[in-house]
Structures are given as C-alpha cells and as structure tokens.
Amino acid sequence: MLIVALVVCAFLARKSKRAIANDVVMLLVALLPPMIGNSIIIGANDWLAANIGCYIYFIGLDFSVLALLRFTADYCDIAYVGTKWRVIVTSLVALDVLQLLLNPVTGHAFLTRLTMVDGSVYYQLVPLVGQYVHRVVAYGIFFVSVFIFAFKTFSVSRIYMEKYLVIFLSMVFVGLWETFYIFSGTPIDRSMIGFGVFGLLVFYFALYYKPMRLLDSMLARIVSSMNAAVFFFDTSGKCIYGNDAARSMVGLGRDEYIPEDVAKSISRAIGGWGGSYKEEWHVVRHVVNADEDHYLDVLVQQIDDERNRYLGAALSVRDITEEERKLQREQFLANHDSLTGLFNQRCLFDRARMLIDEHPDTQYEVVGLDIKDFKIINDIFNKEFGDHVLCVMADAIRSNAVAGTVYGRLSGDKFGFVAPKGMFTAEQLSPLLDPQLYGEAIANYPIVVHVGVFEVADRELPVSVMFDRAFMAVKSIKHDYSRRIAKYDETMRDDLIWNQTISSQLEKAIRERQIRPYLQPMVDATGNIEGAEVLVRWVHPDEGFLSPARFIPVFENNGMVAQLDEYMWRCACEILRDWADRGIDLFLSVNISPKDFYFIDVFGTIKGLVQEYGIDPAKLRLEITETVMMTDLENRLRIIENLRAEGFLVEMDDFGSGYSSLNMLKDIPVDVLKIDMMFLYKTKDQSKAQTILQTIINLSGQLGIPSVTEGVETAEQLDMLVNMGCRMFQGYYFAKPMPVAEFEERFRAA
Ligand code: C2E
Ligand code: CA
Ligand code: CA
C-alpha cells in the first residue's frame, strides 16, 4: 500500500510547478527500490529470492540517500549540485555499489541464513565487513542530511522553524526505526515502512503544506508596523486588535491593552464616526485640532469568510495630510494663473458655468477687460513692467470683486468676470479703469482698459462663447479713445461673421473678377480729363455692389488688403499697357494702404509690375496717406524716395484730414497734394474752412507741389477752388467712379 501511495505521490509531484518538485519526484522514486527489496526479503522462501531482495535493498538505499541529500540541499538552500561535494558523495556511493555487487564472488559483504519465525521460513541477514562499509556510507549521508535539517530548524527565525522541523523529526523517526532493526536483532526487518512514511511526509510538507502560522505572523507583523492605524472588530463590534499606530491614535502606549469599547476614542480622533461596522465606508476627513490640522483617509471594511458569513470589520485610518497638501498645491497650480494668482481661463470657465447653472433665477453679465496696446507697454517699458501692470490689474479686480461673482485671467492682457446683472456699472468698474492705478512711472503713457459686456440671455451658450462676445464688444471700441465700455449686441456678431465670410471669399472674388477697378476722372478746370483714380469695386454674387468702405477696413484689419491692392495695381498696369498700345495718353492713380507696407515689399512689387507690363512709371501715380509715416518713418521714407527715383509720382492723399498734415509735409517728399474733401463739406464756420483751404493751396503753390482737390460736387465749389488757384479736380461734379469701358468711351467722346 505504501508503495502504491508513493507512486501516486510521485505522479502528483511531477505536475507541481514548484522548484523543489523535481527533487521530491527523484526522492520518491529512489525510495521505491529499497522498499521493494525489503518486501522481497520478507516474502522470500528460497535463498536466491532473498539474496536478490538484499541487493535491491542495499543498492536502492544508496540511491535513496543520494536523492535525499540532493533534496535536503535544495530545500535548505545549501549549495550542493555543481559543487565538488556532489562529486565526492556520488563517487563514494558508486564505490559502495561496486563492492556490494562483488559480494556474490567475494562473499565479503553479507550472507543470509535460514531461520524460522513464527513457523515460517525467513532468510535473515548476517552482516560482514562490506555490509559495515555500506552502512557507514549510507547512514553517513543520511546523517549529513539530518544534520543539515537540524541546523536549519534551530538556526532560522522561529516563524520559519515549522518548515524544517517536521521533516527533521520524520528523519529522526526513520533513523531510529532503522537503527532499531539493526541493533535489536529482530529477525524480520520492516524498516521499509519508515521509508514509505518519510516519503509521504516529504511529499506533503515540501509541496502542499502552507505554513499558515508563517503567513499569519508575517501579516501581523506588517499590520503592526504599518503607518496606518488599523483596528479589527469582531461581529459584536468589540475591538479585538489594534496595531501600534492605532494605539497611539487613541492615546494608548505601545504595550497598553486596547479596550473593547475603543470606538468612542476613535470617533474623537477622526472627527466623528457613526460607528457602524456592518457596512463599507470610506471618507477623507479634515480634522482640525488645537494646533494643527490633518487630513485622514478613513476606511471601514467588512470582512467575510469564504461562504460570505460576516466575520468582523477592519477600520484603517491613514494620515494623508502631506499627499492632500501636495494635491491641493497641484490643483491650485492647475487652476490658477501663476503670475497673478487669479483663476486661469479653464478654471474661470468652469466656475462661471457652475455659477450660472446654480442660480437659474439670476441674470448674469459676462465682462471682458482688455488692456489697450499691451504689446506696446511691454515694448516701451519691459516685460517686468508689463507683468507689474498685469498684477496691479489683477489686484484691482480682486479687491473690487463682490460676493457672487467669479473672475480670472483669460490670457495675456485679457481678464474677465461673471457677475449678476447690474453689479458692474461704469462706476463699479472705474477703479479698474483709472490710469493712476499703475503708478507715476507711466504718467506719460496712460494705460487704458477697455471693457466689453455681454448680457447672458441664452444660458445654454458655452462660457467661452459668452466671453468671446464680451471681447467682441471690446474690439468694437479698440480704436476709439472716447469709449471705455461697450455692450455686446447681435450686430457685432453679425459683423464678425460677415467679415469672416468676405475674407474667405477674397481670393475667389479676384479670380472671378467680381473685384474690379472703377475709374474716376481727374480733370482740369475746364473738365479736360488728365488721368483717373483707380477705385476698387466688388460686385458680389450675394451682396450685390459693395463699396470699398465695406470691405477695405476688414482687409486692413487682417492684412488681406495687400493682396487686394497688389491686384488693383496689376489692373492699373494692365489698363495702362492697353492704353499705351492704343495711344491713350493718361495717367492712373492707385491707392496704397498703410498696411501694405507690413505685408509686402511695396517698392519691389510696384517696380516689378511696371517692368512686367513695360509701362512708363510716370503714368502710374501712387496715393499714400500720412498714416503711412506714423510708424517706421525712416524705412518708409526710403521706400518713397526709391519709388520717386524710379520715376513714379507720389501723391499725398486726404491731405488735411490727419492730425499733423502740415508737419508731415516738411518730411515727406511728395509730388502732388490731394486735398481732402472735408474742406468742401458744409460746416458751421464756412469762412474758416475756406481760409484753411486757401492757405493749403497757397502753401502747395509756394512749395511747388501741385494740388488736386477731391470731392468737388458743385459748380460753385469749382469756381471757388479755381479762384483760389487750384488747377486739378476730382469729384461727382465731373464724374462718379465708373467701369473702365465707360471711362474710355467718355474720354473718346470729349
Ligand atoms: P479715397 O482714396 O479718398 O477715394 C476717394 C473716394 O471719394 C472714393 O470713394 C470716391 O468715390 C469718393 N468721391 C469722389 N468724388 C466724390 C464726391 O464728389 N463726393 C463724395 N461724397 N465722394 C466722392 P470710394 O471709391 O468709395 O473709396 C473710398 C475709399 O476706399 C478711398 O478713399 C480709399 O481710401 C479706399 N479705396 C478705394 N479703392 C481702394 C484700393 O484699391 N485700395 C485701397 N487701399 N484703398 C482703396
Ligand atoms: Ca485715394
Ligand atoms: Ca482721398
């Protein structure tokens, strides 16, 4: 039976994935021969069978101890396989096997003697010298193994002892059992039973036995040394365990006993606790004590057995103050602008959404604030000063904020609020708009803040769109010095959409010639046509006839005007080429927007066009306004000089409409003055306007710069201008701007 059991165990052990399993299989298999040998001896009733049994027994025992030593070494983590010790031991065993095998010839090892035991025949062993040698080898190796186990058992930590102790004891048992047979003189040797039992014990302890006590004590040790306070409660809610941290949490010393009704103290320490152990429970508590505050992570867990029966509860309390602070810091950084400490855009939008959603009965206004020309402030002063301005602005917003509002910095120089309607009146805002706020340093450069207000009618709109609209209102007064606050209205949005639409259509419009030049004659006093101004027109498929006043400012704003102007210059060159071919000797005057200088090489482009079409530069006049000279004066002057040097005539357009026209005149080298039509408008003080006009005409005469008066609408105006000494005119009195073909016809008819 034992043999069968060992065979089964060997099969099971082969399936185990544990490292030691191989050694166990080997040991179990190696135990079989001595047991079989032993059984043969006991059952043998003739000499030969008994002797064969003996050889199997003794030689098998040699293999068993070899396997045992290998198992022992591996189980006890001792280096053996691959060392010289294994070679020595294996050689010893090999020699022993050899001398045993020589016994039939030499008869030096043992012989068997027939005896009668309980009335049946039995061959009893008579050991000779070889047998003693064999015993020394086999038991020697066996005792080495026992010694190793003994050493391990008593040297390891107490919680590991179990692992070695059981095998050690069973070895001692087998050893004693065997010794008993050797020395007792009992005729029938049944030591194989000891081997079998030993094999089964090894199998179980090496492969299947889980040292629960070891696990328990490991877990207990971890729990007791944990930073978190851990309490265990039984089914009736009595505390049955608390670790060190738990004891110190409720004010007990290390060795003090935790009272069963510790719940009250716990509740005090964690800032209140229902005391229910029967349900899962997890909260983060902010506990404020006299001198410090803590964040505690409190978790109550129910413990059930494998059949879902309630065993008790565990309560753990972890101090997460540091983690929590870190999290708060990170959250602060994620939600706030690092320069001003105000909410950043994302957070402002979130808070605004919450505010609006949580107060469905309150009307809100979204307010956008924008510092005018902030880039210039950064430029003129420096970035530090720019930052200072932003911080002052932020502080002003913070200190003027009222409960029930949210505010933050959206980006760069843009700030924003959401507030109940009517809360942010002009007076309320005035502290923010006061240039004095920013200190004396910028007395010469007053900082202007523009405010746009969007009244939230549709609460479903995304907050970002609400702010977009507030800033649309800002945009509408951006270039206006007189207004600081603007309210959004729907036309602003319509305008924006319209602007975007026509901007997206420009290229196609040029390609399809929806955009085309109109010509307005420039004439002498008798109405004789000398040339014409090229004025752009857009015959739009949906919008109809568009005046440049509708789209030029849009394109000037987004820079697309350069594309448009370049096209108009090309049109002018085309016409001049055609005229030159047909012998029409007139000049054309084109407009150059101040913005063109930002986006294209004005000189190169115009010169290139004239070369491309092979026309006389003197036939292409260039109209610039004084605003061209407002920035980058030196470069612009150089460009104009270059153009004049190429032979182009440069006209100063809208002369007199700007702030410093006269002043400009001394710097800018121009060939013609186009006097602005506003001098002809009916004003309260007609005589004053006329005096100025007369002065300008005189001045131009004295400077030797011919003048053209624009906007002549009546015969009286013409008479007056002729009397004042003006030589050239442009205006509805003579002709409105007209298509090229119509212009040519008119010229031919004259
Ligand atoms: P501007 O350069 O001062 O052009 C003269 C404007 O005065 C033209 O308006 C013209 O039609 C108008 N005008 C001429 N005679 C009279 C008159 O007797 N009475 C009145 N009330 N108005 C008269 P338009 O064509 O609507 O152009 C407006 C402005 O658009 C132009 O003013 C110019 O600044 C700009 N513009 C037109 N075409 C172009 C262009 O191709 N490029 C650029 N950059 N600007 C252009
Ligand atoms: Ca013009
Ligand atoms: Ca003009």
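In this briefing, a residue is called buried under 20% relative accessible area, exposed over 50% and partly exposed in between, with a 1.4 Å probe and protein chains only. Asp-373, at 31% relative accessibility, therefore counts as partly exposed. Welcome to a predicted model, in which local features need pLDDT of at least 70, side-chain atom pairs count only at pLDDT 80 or more, and totals for chains, interfaces and linings use all residues. Residues are numbered from 1 along each chain as its sequence is written, chains are lettered from A and ligands numbered from 1 in the order in which they are written, and side-chain values use heavy atoms, with hydrogens and water left out.

**Domains**

- The protein chain divides into domain 1 (2-213), domain 2 (226-325), domain 3 (339-488) and domain 4 (510-749), with bounds that come from an automatic or database domain assignment.
- Taken over C-alpha atoms, the centres of domain 3 and domain 4 are 42 Å apart.

- Asp-654 in strand 18 (residues 649-655) and Glu-710 in the loop between strand 20 (707-709) and helix 26 (715-724) are 56 residues apart, so the pair links distant parts of the chain.
- Helices (H or I, at least four residues) and strands (E, at least two) are DSSP runs, numbered from the N terminus.
- Glu-710 is buried at 6% relative accessible area, whereas Asp-654 is partly exposed at 26%.

**Pockets**

- A pocket is an open set of points on a 1 Å grid over the protein atoms alone, where a 1.4 Å probe fits, with protein on both sides within 12 Å along at least five of seven lines; lining residues have an atom within 4 Å of a point.
- The largest pocket has a volume of about 1,800 Å³, the volume being the space filled by probe spheres set on the points.
- Of its 44 lining residues, Lys-478, His-479, Glu-556, Asn-557 and Lys-595 are the closest to the centre of the largest pocket.
- Helix 18 (490-511) gives the most to this lining, with 7 residues.
- Domain 3 and domain 4 each supply at least three residues to the lining of the largest pocket.
- The second largest pocket, of about 1,200 Å³, is lined by 46 residues, and those nearest its centre are Glu-533, Leu-535, Asp-654, Met-677 and Glu-710.

**Backbone**

- Phi of Asp-373 is near 50°, a positive value in a residue other than glycine, and Asp-373 lies in the loop between strand 8 and helix 14.
- Asp-654 also has a positive phi, near 50°.

**Cysteines**

- The whole structure holds 0 disulfides, a disulfide being a pair of cysteine sulfur atoms within 2.5 Å.
- The sulfur of Cys-571 is too far for a bond, because the closest cysteine sulfur, in Cys-573, is 9.3 Å away.
- Cys-571 is buried at 3% relative accessible area, and Cys-76 is buried at 0%.
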